[in-house]
Amino acid sequence: MNILFAASECVPFIKTGGLGDVIGALPKALKKQGIGVSVILPKYGDLSNHFKEQMVLLESIEVPVGWRRAFCGIELIENDGIHYYFLDNEYYFKRHGSYGFFDDGERFAFFSRAVLEAIPFLKDKPDIIHCHDWQTGPISVLLKAHYKNHPLYKNIKTVFTIHNLRYQGNYPKTVLADLLDLSELYFHMDGMEYHGNVSYLKAGLAYADYLTTVSPKYAEEIQMPYYGEGLDGFLRKQGNHLIGIINGLDYELYNPKTDEHIFTRFADYDEKMLNKAKLQEELSLSVNQEIPVISMVTRLVEQKGIDLVLRVIHEIMGLNVHLIILGTGEERYENAFKQLAEKYQGKISYHPYFNEVLARKIYAGSDLFLMPSQFEPCGIGQLLAMRYGTLPIVRETGGLSDTVIPFNEFTNEGYAFSFQHYNAHDMLYTIERAVWLFRFQPNKWRELVGRVMHLDFSWEASSEQYKAIYEGLLQNKLVRI
């Protein structure tokens with residue numbers, strides 16, 4: 001069984017969010033299950049020269065993009081027994097950044113078609129193409145429309161994974177013919193049509209052989225109007241072929257016992273506290289073990305609950321805590337945190353950028369990790385925090401519900417903190433409860449830190465679920481109606 005992962009990012013090559021972590025880690029876990037896995041990606045201009053110098057050119061081809069034919073170089077890096085293919089077209093991909101360009105519709109129409117055109121030149125013919133998010137949504141429909149009678153392609157199945165339903169890749173109807181070379185037959189309510197536009201994400205939902213998303217709770221939520229982003233009715237129709245599988249962590253990549261990026265490697269609470277002191281010192285916060293450090297490593301967008309934090313920020317700071325924020329996003333949020341860092345010098349440390357090394361130091365040196373998301377398909381921040389012994393405070397939604405069990409002082413069950421309603425004062429009450437436990441129950445706190453560090457959110461169990469889906473598809477046990 002050979003699986004080809006088609007995605008727009010992958011650790012360690014390119015990462016803008018959790019998708020990159022998944023595509024970096026899941027193929028490795030599947031390989032341990034005895035599955036042949038390859039990954040195919042755009043060759044972005046931002047790729048480091050370290051990787052570009054390792055690439056071997058396999059073939060140069062031309063890819064149909066509507067009425068045009070575009071150059072595509074197929075380049076290969078082999079790493080840990082996994083083939084990573086990079087599709088090269090400088091016009092589309094030699095830019096600073098991965099997304100957010102005026103011609104993203106054309107760029108990822110090219111990428112989706114190029115994935116299929118590259119298949120004859122890959123080391124192993126895929127049995128299944130596993131597509132991820134809207135950037136690869138057209139692959140399933142293009143496969144059915146243009147390749148179904150080709151003997152090399154006719155038995156290939158597709159799986160489509162939703163990482164975040166909010167990002168859909170919606171473009172004018174003209175892309176149907178101009179970029180995808182598809183007829184009006186594909187433009188209808190059960191196809192690619194979405195409010196008069198073409199939706200790349202809906203193409204994946206409509207034409208893939210099986211659908212997954214990144215947590216069981218999110219699979220339920222997106223079939224409801226509040227979370228469904230206008231697609232809840234359509235997803236309810238697909239419910240028999242939609243499953244939520246929780247994302248895991250790469251436990252080799254993220255390991256406090258071996259991580260060279262943090263201040264001091266650690267395996268217990270006392271060693272973790274050395275990281276806390278070093279973090280406070282490096283960020284010009286008063287070095288004081290008695291002051292709880294609350295952190296956020298996040299995109300500053302509405303989804304992440306930033307409004308809740310700003311609504312009660314003065315009350316939070318009144319608890320005598322340190323607050324560390326790492327991340328960029330909407331200008332209004334960036335400006336708000338810049339002003340707050342000036343007002344609360346020595347107490348709030350804000351860093352308007354993303355830095356992987358600093359992020360790991362923050363995970364390792366914090367006491368609490370705040371993640372009050374409006375919605376969260378899976379979330380990786382809470383998993384990373386727990387891996388490094390930092391207790392999450394989360395809103396009960398999506399993957400946060402599936403991975404964070406709140407501590408119950410009466411039964412001694414659970415290991416973290418959560419609140420149900422998207423409400424600033426519910427969040428504040430939960431923060432107050434966590435801070436109280438930190439200050440007045442130090443032995444219990446130490447026990448909870450040890451508890452979260454021994455949780456297992458590796459990819460092993462999740463990769464077994466993906467393997468079962470692949471086997472079911474190839475044995476025609478998961479035939480889609």
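**Figure 1. Pairing of strands β1 and β2 in the predicted model.** Asn2 stands opposite Gly36 in β2. The model shown here and in the following views is predicted. Strands β1 and β2 run parallel and are joined by five bridges. On its other pairing, β2 (residues 36–42) is joined to β5 (residues 82–88) by five bridges, and these two strands also run parallel. Within that pairing, Leu41 has Phe86 of β5 as its bridge partner. Six of the seven residues of β2 are buried, so the strand is largely enclosed by the rest of the structure.

**Figure 2. The nine-stranded open sheet.** The strands follow the order β3-β4-β5-β2-β1-β6-β7-β11-β12, and their pairing is mixed. The edges are taken by β3 (56–65) and β12 (242–244); each has a single partner strand, so one side of each is left without a neighbour in the sheet. On average, neighbouring strands of this sheet are turned by 25° against each other, direction ignored. Helix α4 lies across β1, β2, β3, β4 (68–79), β5 and β6. Relative to β3, α4 runs at about 120°.

Figure 3. In α5 (residues 138–146), the buried residues are Pro138, Ile139, Ser140, Val141, Leu142 and Leu143.

Figure 4. The order of the strands is β8-β10-β9, with antiparallel pairing. The edge strands β8 (170–171) and β9 (193–194) each pair on one side only. Two bridges link β9 to β10 (residues 197–199) in the antiparallel sense, and Glu193 has Val198 in β10 as its bridge partner. Helix α7 lies across β8, β9 and β10, and runs at about 60° to β10.

**Figure 5. Strand β13 and its two parallel partners.** Five of the five residues of β13 (residues 293–297) are buried, so this strand is largely enclosed by the rest of the structure. Val293, Ser295 and Val297 point one way from β13, whereas Ile294 and Met296 point the other way. Strand β13 runs parallel to β14 (residues 322–326), to which five bridges join it; in this pairing Ile294 stands opposite Leu323. Strand β16 (residues 368–371) also runs parallel to β13, with two bridges between them. The bridge partner of Ser295 in β16 is Phe369.

Figure 6. Ser366 lies in the loop between α14 (356–365) and β16. Its relative accessible area is 0%, so Ser366 falls in the buried class. The side chain of Ser366 makes a polar contact of 2.9 Å with the side chain of Ser295. The Ser366 side chain also reaches the backbone oxygen of Ile362, at 2.6 Å. Leaving aside residues up to four places away in sequence, Ser366 touches Lys272, Leu279, Val293, Ser295 and Thr390.

**Figure 7. Packing of helix α10 against helix α18.** The axes of α10 (residues 269–282) and α18 (residues 442–453) are 10 Å apart, and the helices pack at an angle of about 95°. That angle makes α10 roughly perpendicular to α18. Tyr269, Asp270 and Lys272 of α10 meet Trp445, Arg446 and Val449 of α18. By class, the residues of this contact comprise three nonpolar, no polar and three charged.

**Figure 8. Packing of helix α17 against helix α18.** Helix α17 (residues 424–440) and α18 pack at an angle of about 110°, with axes 5 Å apart. The two helices are therefore roughly perpendicular to each other. From α17, the contact involves Ala434, Leu437, Phe438, Arg439 and Phe440, while α18 contributes Pro442, Lys444, Trp445 and Leu448. Seven nonpolar, no polar and two charged residues make up the contact of α17 with α18.

Technical notes. Residues numbered from 1 in each chain as written. Predicted model: local features only at pLDDT ≥ 70, side-chain atom pairs only at ≥ 80, totals over all residues. Heavy atoms only, no water. Axes fitted to C-alpha atoms, helices over the stretch in contact; angles between N-to-C directions. Helix = DSSP H or I, 4+ residues; strand = E, 2+ residues; numbered from the N terminus. Parallel < 35°, antiparallel > 145°, perpendicular 65-115°, else oblique. Contact = heavy atoms within 4.5 Å. Nonpolar A, V, L, I, M, F, W, Y, C, P; charged D, E, K, R; others polar. Buried < 20%, exposed > 50% of the residue type's maximum accessible area, 1.4 Å probe, protein only. Pairing = 2+ DSSP bridges. Polar contact = N/O pair within 3.5 Å; in protein donor to acceptor, adjacent residues only side chain to side chain.
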